[in-house]
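Please keep the sequence and the 3D view open as you read.

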Amino acid sequence: MTSFVIEEGATMIFNNKCEVRYNHDKELISLMKDFTENPYF
């Protein structure tokens with residue numbers, strides 16, 4: 001389970017050890033920009 005803050009690129013990872021990661025999916029977002037017209041990507 002995750003919670004995302006788009007302005008900061010922060011994602012809260014809820015797992016056995018909860019943590020905040022910044023831009024952890026940067027490469028995935030970059031790839032998605034090539035395949036979508038969604039303004040959030």
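The sections below go from the overall fold to single residues.

## What kind of model this is

This is a predicted model, in which local features need pLDDT of at least 70, side-chain atom pairs count only at pLDDT 80 or more, and totals for chains, interfaces and linings use all residues. Residues are numbered from 1 along each chain as its sequence is written, and side-chain values use heavy atoms, with hydrogens and water left out.

The predictor's confidence in each residue is given as pLDDT, from 0 to 100. For the protein the mean pLDDT is 77, with 76% of residues reaching 70 or more. Confidence is lowest in strand β1 (residues 2–5), where the mean is 58, and highest in strand β3 (residues 19–22), where it is 88. Where pLDDT is low, the predicted coordinates should not be read in detail.

## Overall layout

The protein has one helix and three strands, and from the N terminus their order is β-β-β-α. Both kinds of element are DSSP runs numbered from the N terminus: helices are H or I with at least four residues, and strands are E with at least two.

Of the 41 residues, 10% are buried; buried means under 20% relative accessible area, exposed means over 50%, and partly exposed lies in between (1.4 Å probe, protein chains only). The accessible surface comes to about 3,800 Å², and carbon and sulfur atoms supply 52% of that. These areas come from the Shrake-Rupley method with a 1.4 Å probe, and for residues only the protein chains shown count as cover.

A contact means heavy atoms within 4.5 Å. Among contacts with a separation of 6 or more, 3% are between residues 24 or more positions apart.

## The β2–β3 hairpin

Strands β2 (residues 10–13) and β3 run antiparallel and are joined by four bridges; two strands pair if DSSP finds at least two bridges between them. Together they form a hairpin, with five residues between them.

Ile-13 stands opposite Glu-19 in β3, and Ala-10 has Tyr-22 in β3 as its bridge partner.

Tyr-22 is exposed, at 53% relative accessibility. Leaving aside residues up to four places away in sequence, Tyr-22 touches Glu-8, Gly-9 and Ala-10. Its C-alpha atom is 8.8 Å from that of Met-12, which is 10 residues away along the chain.

How many salt bridges does a search of the whole structure find? It finds one. Arg-21 pairs with Glu-19, and their closest N and O atoms are 3.2 Å apart. The cut-off for a salt bridge is a side-chain nitrogen of Lys or Arg within 4 Å of a carboxyl oxygen of Asp or Glu.

Side chains of opposite charge can pair when their charged atoms come close. Both partners are partly exposed: Arg-21 has 37% relative accessibility, and Glu-19 has a relative accessible area of 27%.

Asn-23 sits in the loop between β3 and α1 (26–33). Its phi is near 55°, a positive value in a residue other than glycine. Most residues other than glycine have a negative phi. Asn-23 is partly exposed, with 44% relative accessible area.
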